[in-house]
Amino acid sequence: MCSVLGLFVQQSDPRLRDANVQVYIANHVTQFDHNVINLLTSCNTPALNGAPGFICWSRGFMELGVTGSRAELVDSLKAYSSHRENPPLLLFPEEAATNGRAGLLRFSSWPFSILDVVQPVALQVQRPLITVSVADSSWITELLWTFFVPFTVYQVRWMPSVPRRAEELSEDFALRVQELLAMELGVVSTRLTAADKAEHMKRLRHTSLLRFAPASSQPLAARPRMPSSLPGVGSFAPEDVRITAMAQRVKEVLPHVPLDVIRTDLAQTNCVDTTIANLLEGRVPFFPESEAGADLPAPSTSQAAAASGIQGSVAVPTSKPATKQFAKSPVERHLSLQERKRALYDYARRAG
């Protein structure tokens with residue numbers, strides 16, 4: 001099977017492996033680390049995730065029949081280790097695979113609650129063409145890539161056994177072994193956990209989905225601001241024509257906003273709704289233009305313009321929202337601004 005998969009395993013002096021140790025602690029690089037170390041010495045790795053059955057057995061995991069908490073798992077492993085005829089346990093305290101080049105994830109403390117002596121195993125993996133571990137990929141994908149690449153080299157180094165110090169907590173014991181393994185591998189001992197990695201991958205998936213989702217289906221706050229690529233005046237490129245068309249739609253809703261301000265913000269947001277929200281909420285400063293029949297003051301921001309020239313109680317309009325007189329009370333100005341916003345949003349939805 002190693003020949004078919006192209007696996008080549010190297011190990012340091014096998015005499016460093018302690019025959020009396022019942023728990024091996026290794027860093028986690030690939031989905032097949034336990035299979036490789038099992039080629040060098042008989043050991044068992046309990047199945048922590050995934051449904052039990054044929055797949056679990058075929059991958060070389062040991063089924064314990066424990067589906068509850070980590071405390072139940074530790075009790076089961078203690079009972080297993082109490083029988084000296086059983087093979088040693090091979091545990092991966094990181095609980096998630098990494099590429100092994102930057103650092104170690106924070107070790108969980110439960111593997112160090114089983115026995116008072118463990119033996120660290122430093123594992124390094126190299127392969128040509130592609131990385132040895134792709135984040136968020138399944139074990140089937142990793143298996144197919146192992147078939148595809150010419151070879152994969154596993155280097156296993158046995159380190160001296162590490163006993164627990166007097167009255168040392170499992171968390172401190174785990175941290176000490178993590179530091180020793182990090183020094184052996186020449187990487188950083190981080191405080192990031194497997195849960196942090198899972199959260200990071202979730203954010204990456206969410207970002208990639210937003211990148212390819214239509215702009216109209218994204219919430220306003222989630223839409224990324226696009227880099228400005230607005231052509232100069234007089235250019236009739238398709239992008240400029242599209243920006244101009246969107247600017248006219250915004251101008252119909254906010255006639256007091258200068259057209260060049262609208263075009264500049266549209267070049268960044270690429271969305272009519274986002275630009276309207278930016279202008280209404282004062283994120284884009286501008287000097288308002290005078291409308292027919294109403295002279296508006298010229299404050300420095302759109303929020304001040306809305307407070308000084310477009311206030312008043314507004315019903316849901318059938319055409320463009322009407323401009324009202326400047327309210328004397330700050331409370332009235334705030335309320336009328338909110339009503340004006342709602343009216344403008346309603347008009348923008350109908351116009352769109």
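1. A residue is called buried when its relative accessible area is under 20%, exposed when that area is over 50%, and partly exposed in between, with a 1.4 Å probe and protein chains only. Cys271 has 9% relative accessibility and therefore counts as buried. A disulfide is a pair of cysteine sulfur atoms within 2.5 Å, and a search of the whole structure finds 0 disulfides.

2. The model is predicted, so local features need pLDDT of at least 70 and side-chain atom pairs count only at pLDDT 80 or more, while totals for chains, interfaces and linings use all residues. Residues are numbered from 1 along each chain as its sequence is written, and side-chain values use heavy atoms, with hydrogens and water left out.

3. The aromatic residues come next. A pair of aromatic rings is described by the distance of the centres and the angle of the planes. Rings of Phe, Tyr and Trp (its six-membered ring) pair if their centres lie within 6.5 Å; planes under 30 degrees apart count as stacked, over 60 as edge-to-face and the rest as tilted. By this rule the count comes to 3 aromatic pairs. Phe107 and Phe112 form a stacked pair, because their ring centres are 6.3 Å apart and their planes are at 20°. Both of these residues, Phe107 and Phe112, are buried.

4. Which kind of pair do Phe112 and Phe173 form? The pair is edge-to-face, because the ring centres lie 5.4 Å apart with the planes at 65°. Phe112 is in the loop between β6 (103-104) and β7 (117-126), whereas Phe173 is in helix α6 (residues 170-185); the pair thus links distant parts of the chain, 61 residues apart. Helices (H or I, at least four residues) and strands (E, at least two) are DSSP runs, numbered from the N terminus. Phe173 counts as buried at 0% relative accessibility, and Phe112 counts as buried at 0% as well. Phe107, Phe112 and Phe173 form one aromatic cluster.

5. A further contact involves a charge and a ring. The charged end of Arg17 sits over the ring of Trp158, at 5.3 Å from the centre of that ring. The rule requires NZ of Lys or CZ of Arg to be within 6 Å of the ring centre and within 35 degrees of the ring normal.

6. On a 1 Å grid over the protein atoms alone, a cavity is a set of points where a 1.4 Å probe fits but cannot get out, and a pocket is an open set with protein on both sides within 12 Å along at least five of seven lines; lining residues have an atom within 4 Å of a point. The structure holds 2 cavities of 30 Å³ or more. The second largest cavity has a volume of about 40 Å³, and its lining includes His34, Cys43 and Gly60. By class, that lining has 2 nonpolar, 5 polar and no charged residues. Ala, Val, Leu, Ile, Met, Phe, Trp, Tyr, Cys and Pro count as nonpolar, Asp, Glu, Lys and Arg as charged, and the others, Gly among them, as polar.

7. The second largest pocket has a volume of about 390 Å³. Of its 14 lining residues, the closest to the centre are Met1, Leu5, Phe32, Asn35 and Leu143. Helix α5 gives the most to this lining, with 4 residues. The lining of the second largest pocket divides into 10 nonpolar, 3 polar and 1 charged.

8. Gly60 lies in the loop between α3 (54-58) and β4 (61-62). At 36% relative accessibility, Gly60 counts as partly exposed. Gly60 and Asn35 are 25 residues apart in sequence and 6.6 Å apart in space, C-alpha to C-alpha.

9. Is helix α10 (residues 272-280) largely enclosed or largely open? Helix α10 is largely enclosed by the rest of the structure, because 8 of its 9 residues are buried. Among the buried residues of α10 are Val272, Ile276 and Leu280. Gly282, whose phi is positive, near 80°, follows α10.

10. Phi of Glu167 is near 60°, a positive value in a residue other than glycine, and Glu167 is exposed, with a relative accessible area of 83%. Phi of Glu95 is positive, near 65°, and Glu95 counts as partly exposed at 30% relative accessibility.

Key. Grid points are joined across faces, edges and corners, and a volume is the space filled by probe spheres set on the points.
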